[in-house]
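Please look through the structure shown here before reading the notes that follow. They are arranged by topic for a reader who is meeting it for the first time.

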Amino acid sequence: MAYSFFSEGSNSNRRKFPSKYSILPILENDTANWFPNLSDESGDFKRLKRTTSVGEFIENNASSGSITRAKSTSSLSKLQFRDHIWTYSQRYLAAEAVEEAAAAIIRSEDGEKEEKSNEDGMKLVQQLISCAEAVACRDKSHASFLLSELRANALVFGSSFQRVASCFVQGLADRLALVQPLGTVGYGMSKMNIVESGLERNDEALRLVYEICPHIQFGHFVANSSILEAFEGESSVHVVDLGMTLGLPHGYQWRRLIQSLVKRTRPLPRLRITGIGPCAKKLQSIGNELEAYAQSLGLSLEFSVVESNLDNLKPEQIKALPGEVLVVNSILQLHCVVKESRGALNSVLQIIHELSPKVLVLVEQDSSHNGPFFLGRFMEALHYYSAIFDSLDAMLPKYDTKRAKMEQLYFGEEIKNIVSCEGPARIERHERVDQWRRRMSRAGFQPAQLKMLTQARRWLNNINATEGYTVVEEKGCLVMGWKSKPIVAASCWKC
């Protein structure tokens, strides 16, 4: 339908409109669309919407006599009609100008907020590092002053860096409390029980970390895939689980393994699982659930418990049967027995080596939190946990209590152990995958290449992980990271 503001042959009465508005539609007949009023009673402008037809507009305004059909005797002259159109055009442009100005103000305010946030973040980083230096130098006065400032800025429900800073502040405060006067050697002993400091985490926080973060699930996926490959075609199989993944309830990892064995193998193998950990009652409860679950699927499962810390594990405690294929599973466990002397770790690895497992699956945090110098560990941990808190920021709302529980009761406990503890009390001794390669090689293990990068990436996509998580292959290992920062690494080893 053609539109024109002017009737044919009325060039003499035409007004000169700026070329910018020459594309505006001009009414010619009854069926054209009309422009509604652009302002409300308060005078605030609205966006123009060509939704009301001429007929509807006339019908709605007939009683006021403001507009009638063009062919009636009371119709507006074409010049008056053009005046109305020009007026509405000006109102439309004015409304657009107001909106653009408001948007510019908002953008300016957002930019100022972002710039201020960046400045506050940099100041918080500098204060944290200065405080760590003061604590390392045993300058209690200066460290206490900085801690008081940090407590005011490191908020539990603030930005991701404010939240991670709150955990480091608590760790620094705990470490400062153990600092001996200048001239003495070492630190005072922590009142915290060594086991409670790292192994006894809040059960709900651990469950939330497992369900919401893909870190532990990634380890379980890689481990189960490797174990299934090792069990292929075998009739009697045995899994030795170091730590039972921190005592996660219900045996999530082994439920999935049982499901896969039932689906993939015929005839069904005889499965044994040996759980090693300090709390026999808790592990046996998990084992009872697993046995009932396996029986419901027609799989024979025998579960046994070895009540022991890895430090005190003895070879005779693990019962291997002739003819069975044995695998060892370690999810976030072996770093707890890495000590300054390396004796405890070497002892555990020697026991495992004597079992001659077909495969040992090792999943560990991929970061260097076991260096000899406090400040180096502090900076590594700050970088590592900042990435984790940033990922939580992308997954959960700001005031979500689930996120607070994970950060304060799980990751926060790890941070405090790394920052505040020394000697036997410091059990969160995470190391990079390169260091683990050297340790495993010295213990007589050979690397088994993990060739499942495509499957791992498909798995990550299937669980709908938050955008930003990545999986890469590094020298036969699989590494999960957050925006290029490594988080956990999975590797396989054979004797």
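Contact, as the word is used here, means heavy atoms within 4.5 Å. This is a predicted model, in which local features need pLDDT of at least 70 and side-chain atom pairs count only at pLDDT 80 or more, while totals for chains, interfaces and linings use all residues. Residues are numbered from 1 along each chain as its sequence is written, and side-chain values use heavy atoms, with hydrogens and water left out.

**The chain as a whole**

- The secondary structure of the chain comes to 15 helices and 11 strands, where helices (H or I, at least four residues) and strands (E, at least two) are DSSP runs numbered from the N terminus.
- The chain has 495 residues, and 45% of them count as buried; buried means under 20% relative accessible area, exposed means over 50%, and partly exposed lies in between, with a 1.4 Å probe and protein chains only.
- Among the contacts in the chain with a separation of 6 or more, 73% are accounted for by residues 24 or more positions apart.

**The nonpolar cores**

- A nonpolar core is a set of buried Ala, Val, Leu, Ile, Met, Phe, Trp, Tyr and Cys residues joined through side-chain atoms within 4.5 Å.
- The largest nonpolar core has 98 residues, and the members that touch the most others are Leu128, Phe168, Leu172, Leu271 and Tyr385.
- Helix H12, which covers residues 374-395, gives the most to this core, with 11 residues.
- Phe168 is in contact with Leu128, Phe378, Ala381, Leu382, Tyr385, Ile415 and Val419, when its neighbours within four places in sequence are left aside.
- Another core, of 25 residues, lies apart from the largest one, and its members include Leu326, Val338, Ala344 and Phe445.

**Helices that meet**

- Axes are lines fitted to C-alpha atoms, for helices over the stretch in contact, and angles run from 0 to 180 degrees between N-to-C directions.
- Angles under 35 degrees count as roughly parallel, over 145 as roughly antiparallel, 65 to 115 as roughly perpendicular, and the rest as oblique.
- Helix H6 (residues 203-212) and helix H7 have axes that come within 6 Å and cross at roughly 65°, which means that H6 is roughly perpendicular to H7.
- Leu206, Val209, Tyr210 and Glu211 of H6 make this contact with Ile216, Gln217 and His220 of H7.
- By class, the residues of the contact of H6 with H7 are 4 nonpolar, 2 polar and 1 charged; Ala, Val, Leu, Ile, Met, Phe, Trp, Tyr, Cys and Pro count as nonpolar, Asp, Glu, Lys and Arg as charged, and the others, Gly among them, as polar.
- Helix H7 (residues 215-231) also meets helix H15 (residues 453-462), with axes that come within 11 Å and cross at roughly 140°, so H7 and H15 are oblique to each other.
- Gln217, Phe218 and Phe221 of H7 and Gln455, Ala456 and Trp459 of H15 make the contact, and these residues divide into 4 nonpolar, 2 polar and no charged.
- The axes of helix H9 (residues 252-264) and helix H10 (residues 280-296) come within 10 Å and cross at roughly 20°, and H9 is therefore roughly parallel to H10.
- In H9, Trp254, Arg255, Ile258 and Gln259 meet Glu289, Leu290, Tyr293 and Ala294 in H10, a contact with 5 nonpolar, 1 polar and 2 charged residues.

- Val359 is placed in strand S7 (residues 359-365), and with a relative accessible area of 7% Val359 is buried.
- Not counting residues up to four places away in sequence, Val359 touches Ala230, Leu326, Val327, Val328, Cys492 and Trp493.
- Val359 and Ala448 are 89 residues apart in sequence and 8.0 Å apart in space, C-alpha to C-alpha.
- Lys485 is found in strand S11 (residues 485-494) and counts as buried, at 10% relative accessibility.
- From C-alpha to C-alpha, Lys485 and Tyr384 are 7.5 Å apart in space, although 101 residues apart in sequence.
- Lys485 is in contact with His383, Tyr384, Ala387 and Arg432, leaving aside its neighbours within four places in sequence.

**Loop residues with positive phi**

- Ser484, in the loop between strand S10 (477-482) and S11, has a positive phi of about 75° although it is not a glycine, and Ser484 is exposed, with a relative accessible area of 68%.
- Arg138, in the loop between helix H2 (78-136) and helix H3 (140-153), has a phi near 60°, a positive value in a residue other than glycine, and Arg138 is buried, with a relative accessible area of 18%.
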